[in-house]
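Thanks for coming, everyone. Please bring up the model on your screens. I'll talk you through its helices.

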Amino acid sequence: DWTADIFVENTVRGLQAKLGDDKVVMGLSGGVDSSVAATLIHQAIGKNLYCIFVDNGLLRKNEFEQVLESYEGMGLNVKGVDAKEEFYEALKGLTDPEDKRKAIGRVFIETFDRESHKIKDVKWLGQGTIYPDVIESVSVNGPSVTIKSHHNVGGLPEKMNLKVVEPLNLLFKDEVRNVGRALEISNNILGRHPFPGPGLGIRILGDITAEKVRILQEVDDIFISGLKEANLYDQVWQAGAMLLPVQSVGVMGDERTYEQVVALRAVASLDGMTADWVHLPYEFLAEVSNKIINKVRGVNRVVYDISSKPPATIEWE
Ligand code: XMP
């Protein structure tokens, strides 16, 4: 029978045999998979694991600081790299979702590559790839169709001439969480909703500016904190906000306003392949909507996405 404890024991032993005194570099995202993979490798080889956490300027509000602190608290050898300006520069004027994904993926690889070269004699690239990623990267990005280019699989090792170590590549998400629990990783990391690699970059429809990121971070923070406070966060598989490329008329005091619209989305799902919109309580939606419109300058209208996947996708881009 498979148990998380035995998996940890065997995997750590296997990694020690495979890696010996070699150095491993790994990008962390704050997500469950990379955090669990890094913790396993760290248990096996300690400080020979070099972790890199890139701030792409498209993370949730305060996410970079908080996640970096958690990683340090776990004893990981981690370096935070602020590359916000490079990402914004590369994204300037881009509006097509796939162009934005490619630009974000490219700058990530450049940043990661540059940082890795500062580590002497690194031989391996650690990755948090799980089994569904392996399947999806084959079926979604097949020879004839590319639905969306997920940039968390592939690309890096070829360019960097590194061998790949992927301790989770035979596990499903719930097994990864169990392994994380066996490793005593905090629920603050294990219980997190999935968050796309390109982050807010694909939740700001159209072109991206630092100001739009600031607006969406505030909106998203009110929504996500609200879900946590109302004990709804754990009942939702994934939630977030989209900044729409439209302005709408509103009224504030005696003034007519003409400002941005945001859409809130919360879905129930098992694996992201299909999803239903969550019937959040009206009172909750009313409260969050009021708070957003009152507190976030530049937003005067909030809508709730009631589409399921398929035919709609979870993200809007
Ligand atoms: P969709 O929008 O395709 O999303 O229904 C399914 C799941 O995948 C995530 N997603 C991405 N993750 N890079 C990622 O790492 C991407 O480009 C990307 N696009 C979508 C999405 O957040 C959801 O969990």
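**Helices and what they pack against**

Just after H3, Gly75 has a positive phi of about 85°. Helices here are DSSP runs of H or I with at least four residues, strands are E runs of at least two, and both are numbered from the N terminus.

Some ground rules. This model is predicted, so local features need pLDDT of at least 70, side-chain atom pairs count only at pLDDT 80 or more, and totals for chains, interfaces and linings use all residues. Residue numbers start from 1 along each chain as its sequence is written.

Back to H3, residues 63-73. Phe64, Val67 and Tyr71 are buried there. Buried means 20 or more other C-beta atoms within 10 Å of a residue's own; exposed means 12 or fewer; in between is partly exposed; C-beta atoms are placed from the backbone.

Next, H1 (residues 4-19) and H2 (residues 32-45). They pack at about 60°, with axes 8 Å apart. Axes are lines fitted to C-alpha atoms, for helices over the stretch in contact, and angles run from 0 to 180 degrees between N-to-C directions. So H1 is oblique to H2. Under 35 degrees would be roughly parallel, over 145 roughly antiparallel, 65 to 115 roughly perpendicular; the rest is oblique.
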